[in-house]
Amino acid sequence: MKRQTAIPAVVWFVAPALTLIGLFFFLPLAASLLLSFTDFDIYALGRLDRLRFIGFENYRRLLNDPMFWTALKNTLYFVIVGGPLSVLVSLGAALLVNHRLTRFQGVFRTLLFLPVVTTLVVVAVVWRYLYHPRYGFLNYVLGLAGLPPIDWLGDPDWAMPAIILMAVWKNFGFNMVVFIAGLQSIPRRLYEAAEIDGADGWAQFRYITLPMLAPIFLFVTLITLIGYFQLFAEPYVMTQGGPADSTLSVALLMFQEGFRWWNFGYAAAVAFVLFLIILAGTLIQAWLRRWRSK
Amino acid sequence: MSRNPLGFHKPFTCPRLCCWLGLCLMPVLLAGCLTDEATPSLTLWAMGREGEAVQGLTVEFERRHPGVRVQVQQIPWSAAHEKLLTAFAGDALPDVIQLGNTWVPEFAALDAILPLGDKNAAADVFPGILASSQIDGRLMAMPWYVDTRLLFYRKDLLALAGIEGPPLNWAEWEVALARIVALPGGPRFGLLLPMSEWQPLAILALQAGATLLRDADRHADFQSPAFRRAFGFYLDLFRQGYAPALAEAQLSNVYQDFAEGRFAFYITGPWNLGELRQRLPAWVQEHWDTAPMPGTDGPGVSLAGGSSLAVCRSSRQPEAARALVKFLTEPEQQVAFYRLTGDLPARRSAWSHPDLAHAPHIEAFRRQLDQVRPMPQIPEWERIADKISHFAEKAVRGELGEDEALAALEAEVNSILAKRRWLMDKAVTGESQP
């Protein structure tokens, strides 16, 4: 009797959220999985009898598509260089802002967080000026140092570093705030005890701060990894994937196939491959953490 | 991280869940019913500056047609194509839409627009432009304003290089470019040719006699001698240092560079007439002009561009919608529209109006418009065009050899056309077996 009333109560509480998740997450997920086995395109949009089920053909084509491999290479470049850089910059900023000698902590925290809440389009417009080959500030600084100017967004070798630089600047504030929260939750007495034992600043950082931040690290790297794999808005506004596809990311390729060329079948296949890659990355990371903590 | 993110372990009873689902869905269903209210007005979707300016003309239409109100909704160009297709998918297209001429085949294939039958008006449109809105012999959209690309050039730089008048053919053009690049006074290019644009290469190809596609647009045709000739000429412009290898992202100061004389030629369209008049400093104004495209030997063809107006099949008032299209494409309204926006009229009779006949820089456009050709009229065209600039850029940057790039382009475009071939073959076998 007791058990029978308990189950509906759970359902009543969970149902609204579950309905929304089902309706707006699992249903579209299933639909797009189905879509990825068809050649849904502009012709099929007009008349459904022009739709063909083609099995794994989209996935086969995808693996033979040089554009996909370029996009994957670019995305990995962004994740592998940009991800750790972003985490390190946020950690550094958090340590500085949270240092007891730092004055006006609130002001710095707000200022450093500002890029996160600024609209990306605005940021992109300003950074395009900073990156301008002839009138840009960055090249002006290079000129002062006696270095030749760099065509930041026009040179295929420099476009991705330029995007990484901007993305790190734009996003590090969020992780910084998370790190600050983590730093503030470390009990002071640990540092006091370490000081009595004669540990210097570096030893305190290495043996107290870093281990205590470990769970935060997992969270931050995971969120950064997932976010960075979905690189889209920065190249979409700054370079449209150019020059010579050097900033084309997997998510941008998916968008172009889907909404620009209306090849939804193919775009859905790209989306699923991206999903699998992110899933694999997340699992590997979680597994690494567990393996290290053993 | 929880292993069970949704947080339930036990099965729940189905009827109750369904009840909940229904309750949660109710607001959605209700909202759907409420918005589906019939409105007596006509809705027109127009893009960018045109969407703003056309509101100055619809007032007159409302005066002539009492009882009809026109609502204009302005869409930014950058999102227009996606928005129109999404609206079609969601069955939310308005009565009348502005379509870029290259989109007409797509919307015709979707069966989203109604054919128009105004023979007299059609006969007055530039033939090349009209062809771009005709699908299988039926007029699917009425050309509204036109654009085409031709040469914008600096008269003073040409004179300095000892050249009289704009080049008339490729050979003269190359001579002019070589002399301009050699002029003293700082690094200078002959021609601005952004690599992200497919149009200049397509124009050169048409001039050389290439058809781009063959077999009723079933297969790519990029390895023909004609296309090879145009491609070689195009690449030479970069190899000889006449044009800088620039991507679009680097072009933030075209007008300043043009004013400073960093390049002498620019292949672009009528939208830059107004821009140049506004943005160039006063002293440069008398030093630039426009000229028709030079061809292989003599004046060359260019692309039939511009926008058309189409009536959507989903419109509830197709007759009123047709009347609006007819009204907006009348010569008088086109002249008025030209005054508002600077957009060039599609109707030839509008060009005899004094406003156009005496405007500076426009004569070259009138001459070029008699020599324009549409691109292949298939829904895949935009995508193919994107591939053309993609592989051309690779060849310019030296990542692919000339032949390699063309072979890769041909293979890629053939795979894009696979579905079209399947549909056409299906249609043929379907007809032969009743």
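Of the 294 residues of chain A, 31% are classed as buried. The structure is a predicted model.

**Fold and dimensions**
- The sequence order of elements in chain A reads α-α-α-α-α-α-α-α-α-α-α-α-α.
- The C-alpha trace of chain A extends over about 80 × 75 × 35 Å along its principal axes.

**Contacts within the chain**
- Among contacts in chain A with a separation of 6 or more, 65% are between residues 24 or more positions apart.

**A:Phe113**
- A:Phe113 belongs to helix α5 of chain A, which covers residues 105-117.
- A:Phe113 has 18 other C-beta atoms within 10 Å; because a residue counts as buried at 20 or more and as exposed at 12 or fewer, A:Phe113 is partly exposed.
- When neighbours within four places in sequence are set aside, the contacts of A:Phe113 are A:Gly173 and A:Val177.
- A:Ala71 lies 42 residues from A:Phe113 along the chain, and the C-alpha atoms of the two are 30 Å apart.

How values were computed: Residues numbered from 1 in each chain as written. Chains lettered and ligands numbered in written order. Predicted model: local features only at pLDDT ≥ 70, side-chain atom pairs only at ≥ 80, totals over all residues. Helix = DSSP H or I, 4+ residues; strand = E, 2+ residues; numbered from the N terminus. Contact = placed C-beta atoms within 7 Å.
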